[in-house]
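Here is a short briefing on one protein chain. Please look over the sequence and the model before reading on.

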Amino acid sequence: MIAALLFGVLTVSPASAQGSTRSAAELMDAVMWNREPIGGAFTLKDQTGKTRTDADFRGQFMLVYFGFTYCPDICPTDLQQIGLAMEQLGDDAKHVQPLFVTLDPERDTAEHLAQYVPLFHPRLLGLTGGNADIATAADAYRVYYKRVKTGDKPGDYTVDHSAFIYLVDRDGRYLGFFPPGTDAPRLVEMIRPHVRGSAER
């Protein structure tokens, strides 16, 4: 089931499309088997237009998800589960910052994200930026993405992408990932011990 979900969003795209310079298989292998460092610095803008860096979230856990607002099913499903997990975490949720990083900055402007992200949770931050800024963030998290044309008009395209949910600790260190389709109870089950364990230290 997990494999089907993963490969369902890792469609091979034309090499000329905007996006990753590495293959879907290579990047998925890096994440799933922890073969490379994951996570790192980024500088993007949130849905209010404010510049945000990874350092802004030190002291909180980050749930980091890459996708795009025109994604028909995988992204909204995963974002819904992230929102539900935030609700189910209760008081522990104040220690967790969920982030939605767009892979489609051309359409996902700050203004558009401001309408989109509150649909899932009031604390969800949408992040966008220039193509180079998005590429830097995606590369840090070993995210595969490719823009693929679906028609003749400029806006006729979709974005093939991997859909892991990344968990990062209070110090900005990568802890692990959740595969696409992970439900809210499972997210809570894995996140809560980290939150409470770090609070006890």
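Leaving aside neighbours within four places in sequence, glutamine 47 is in contact (heavy atoms within 4.5 Å) with Ala110, Leu113, Ala114, Val117, Leu124, Leu125 and Gly126. This is a predicted model: local features need pLDDT of at least 70, side-chain atom pairs count only at pLDDT 80 or more, and totals for chains, interfaces and linings use all residues. Residues are numbered from 1 along each chain as its sequence is written, and side-chain values use heavy atoms, with hydrogens and water left out.

**Glutamine 47**

- Glutamine 47 sits in the loop between strand 1 (43-46) and strand 2 (51-53). Helices (H or I, at least four residues) and strands (E, at least two) are DSSP runs, numbered from the N terminus.
- Glutamine 47 has 16% relative accessibility, so it counts as buried. Buried means under 20% relative accessible area, exposed over 50%, and partly exposed in between (1.4 Å probe, protein chains only).
- Its side chain reaches the backbone nitrogen of glycine 126 at 2.8 Å.
- The side chain of glutamine 47 also reaches the backbone oxygen of leucine 124, at 3.4 Å.

**Helix 2**

- Helix 2 covers residues 24-32, and Ala24, Leu27, Met28, Ala30 and Val31 are buried in it.
- Seen down the axis of helix 2, the buried residues fall within an arc of 155°, so they line one face of the helix. The arc is that of the directions from the helix axis to the C-beta atoms.
- Asparagine 34 follows helix 2 and has a positive phi, near 55°.

**Nonpolar core**

- The largest nonpolar core has 56 residues. Such a core is a set of buried Ala, Val, Leu, Ile, Met, Phe, Trp, Tyr and Cys residues joined through side-chain atoms within 4.5 Å.
- Val64, Tyr65, Phe66, Tyr141, Tyr166 and Ile191 have the most contacts inside this core.
- Leaving aside neighbours within four places in sequence, the contacts of tyrosine 65 include Ile74, Leu79, Phe100, His161 and Phe164.
- In soluble globular proteins, nonpolar side chains tend to be buried together.

**Whole chain**

- The protein chain has six helices and nine strands.
- Of its 201 residues, 50% are buried.
- Residues 24 or more positions apart account for 72% of the contacts with a separation of 6 or more.
- The C-alpha atoms fill a box of roughly 55 × 35 × 25 Å, taken along the principal axes.

Methods
Polar contact = N/O pair within 3.5 Å; in protein donor to acceptor, adjacent residues only side chain to side chain.
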